[in-house]
Amino acid sequence: MMGYRACRSKSTNGHESGSSVVEVTTKTFDEKVLKSDMLVVAKFFASWCGPCRRMIPVDEKMASEFKLVSIVKIDVDEDRDLMQKWGVASFPTYLFVKKGQKRFEQVGSMDEAKYRNLIKKLIDL
C-alpha cells in the first residue's frame, strides 16, 4: 500500500462486534453523508490498518449511544476516489459532516471520551 501512512496515535483495544456502522461507497456517499440532515461521522479506514481495527468497538459504541448520529465507514482500498476527493492520506481519518459540510476532521484514532465530546459538540451545529 504505497503512499499511505498508518496512524500512530492513541487507540482503544477491543473486539469487533455486530455492525451498526454502515459501509458507504462512491455510489452511496452523497445520499448517506452529504444529503443527511443529521451529523454523520465518516470513517476512512483500511482493513490492514491496526489503529483502524482497534477503533471498531469504539465506533460501534458511539453508534449505539448516539441514535441521532450516523456513523459510516469507507474502505480506502475499495474506494480510492472518495479518499482522494477528501484528501485522506492517513488512517483512520474521521470526517464529521453535517448538512453537506465538513465540520471537523480527526486524523488518527481517538479515545472514547474525545470521540463522545466531538459528537456532543458538533451534533447541534
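I started with Phe91 in this predicted model: Phe91 is buried, at 0% relative accessible area.

Next I looked up its ring partner. The rings of Trp48 and Phe91 sit with centres 6.1 Å apart and planes at 85 degrees, so I logged the pair as edge-to-face, the cut-off being over 60. That pair ties together distant parts of the chain, since I find Trp48 in the loop between β3 and α2 (50-54) and Phe91 in strand β5, 43 residues apart. Trp48 comes out partly exposed, at 32% relative accessibility.

I then checked the other aromatic pairs; the count comes to four. Phe29 and Trp86 have ring centres 5.8 Å apart and planes at 55 degrees, so I put this pair down as tilted. Phe29 belongs to helix α1 and Trp86 to the loop between α4 and β5 (90-91), 57 residues apart. Phe29 is buried at 0%. Trp86, at 18%, also counts as buried because the cut-off is under 20%.

On to the packing. The largest nonpolar core has 20 residues, and Phe29, Phe44, Val72, Ile74, Trp86 and Phe91 touch the most other members. I noted α1 (26-34), β3 (39-45), β4 (69-75), α4 (80-85) and β6 as the elements giving two or more residues. β3 supplies the largest share, four residues. A separate core of 17 residues includes Met55, Ile71, Tyr94 and Met110.

Last, I went to the hairpin. β6 (residues 93-98) and β7 (residues 101-107) pair antiparallel over six bridges, with Val97 opposite Lys102. Two residues lie between the strands, and Lys99 takes a positive phi near 50 degrees.

Technical notes. Residues are numbered from 1 along each chain as its sequence is written. This is a predicted model: local features need pLDDT of at least 70, side-chain atom pairs count only at pLDDT 80 or more; totals for chains, interfaces and linings use all residues. Side-chain values use heavy atoms; hydrogens and water are left out. Two strands pair if DSSP finds at least two bridges between them. A nonpolar core is a set of buried Ala, Val, Leu, Ile, Met, Phe, Trp, Tyr and Cys residues joined through side-chain atoms within 4.5 Å. Buried means under 20% relative accessible area, exposed over 50%, partly exposed in between (1.4 Å probe, protein chains only). Rings of Phe, Tyr and Trp (its six-membered ring) pair if their centres lie within 6.5 Å; planes under 30 degrees apart count as stacked, over 60 as edge-to-face and the rest as tilted.
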